[in-house]
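Please look through the structure below together with the briefing that follows, which moves from a single residue to the chain and then to its details.

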Amino acid sequence: MSAQTPAHTSAQSTVDLAKLYSGKLLALAADIPLTGRLEMPQASVRERAPLCGSTVTVDLDVEDGKVVRFAQDVKACALGQAAASVLGAHVIGRTGAELAQARDELEAFLKQNGPVPSAPFEGYEALLPARDYKNRHASILLALTAAKNAFELAEKAQNLTNS
């Protein structure tokens, strides 16, 4: 058995990265909907991936059990940005249960080779090559985790106000 040469390893790494950072993924990362911060949101949650330092802060308002206002401040790698882009495109009108389901499905998609998250979050298929990069999973999950947690926080605040 012969050892791989550094040139072969380098060439393979370049091919792997090209597969990972597809045109579709980079297009998602370049055009994240609903960026920024909301003025006086019902809930605000910041999530951080300890391994890479990526952060996502989500502000949102909930009315009648659905997201009615949303903004996200994304400081993440292209993978985290692409994941935030899919979320931003579909989050308005979603329930807490839908956000939790999408987050769980995305985690299973990445870590257990599960199917692409169901509609309306099926856009995460662009992240299929990221399954092999376990150190990037936390960054990919940040936006959905922050949105789910912010939704729960907003509902708790509403329940306290209505009591």
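**Surroundings of leucine 99**

Setting aside the neighbours within four places in sequence, leucine 99 is in contact (heavy atoms within 4.5 Å) with Val67, Leu87, Val91, Arg94, Phe121, Leu144, Ala147, Lys148 and Phe151. The model is a predicted one, in which local features need pLDDT of at least 70 and side-chain atom pairs count only at pLDDT 80 or more, while totals for chains, interfaces and linings use all residues. Residues are numbered from 1 along each chain as its sequence is written, and side-chain values use heavy atoms, with hydrogens and water left out.

- Leucine 99 is found in helix 4, residues 96–111, where helices (H or I, at least four residues) and strands (E, at least two) are DSSP runs numbered from the N terminus.
- With a relative accessibility of 0%, leucine 99 counts as buried; buried means under 20% relative accessible area, exposed over 50%, and partly exposed in between, with a 1.4 Å probe and protein chains only.
- Leucine 99 and phenylalanine 151 are 52 residues apart along the chain, and their C-alpha atoms are separated by 8.4 Å.

**The chain as a whole**

- The protein chain has five helices and three strands, and from the N terminus on these elements run α-α-β-β-β-α-α-α.
- Of the 163 residues in the protein chain, 42% are buried.
- Among contacts between residues at least 6 apart in sequence, 62% join residues at least 24 apart.
- The accessible surface of the protein chain comes to about 8600 Å², of which 54% belongs to carbon and sulfur atoms; such areas come from the Shrake-Rupley method with a 1.4 Å probe, and for residues only the protein chains shown count as cover.

**Packing of helix 2 and helix 3**

- Helix 2 (residues 23–30) and helix 3 (residues 78–90) pack at an angle of about 70°, with their axes 7 Å apart; axes are lines fitted to C-alpha atoms, for helices over the stretch in contact, and angles run from 0 to 180 degrees between N-to-C directions.
- Helix 2 and helix 3 are therefore roughly perpendicular to each other, a term that covers angles of 65 to 115 degrees, whereas those under 35 count as roughly parallel, those over 145 as roughly antiparallel and the rest as oblique.
- On the helix 2 side, Leu25, Leu26, Leu28 and Ala29 meet Ala78, Leu79, Gln81, Ala82, Ser85 and Val86 of helix 3.

**Cysteines**

- The count of disulfides is zero, a disulfide being a pair of cysteine sulfur atoms within 2.5 Å.
- Cysteine 52 is in no disulfide, and the nearest cysteine sulfur, that of cysteine 77, is 5.6 Å away.
- Cysteine 52 is partly exposed at 40% relative accessibility, whereas cysteine 77 is buried, with a relative accessible area of 18%.

**Backbone details in the loops**

- Most residues other than glycine have a negative phi, and most peptide bonds are trans.
- Alanine 119 and proline 120 are joined by a cis peptide bond with omega of about 10°, and proline 120 has its place in the loop between helix 4 and helix 5 (137–162).
- Asparagine 113, which lies in the loop between helix 4 and helix 5, has a positive phi of about 55° although it is not a glycine, and this asparagine 113 is exposed, with a relative accessible area of 56%.
- Methionine 40, in the loop between helix 2 and strand 1 (43–48), has a positive phi near 50° and is exposed, with a relative accessible area of 76%.
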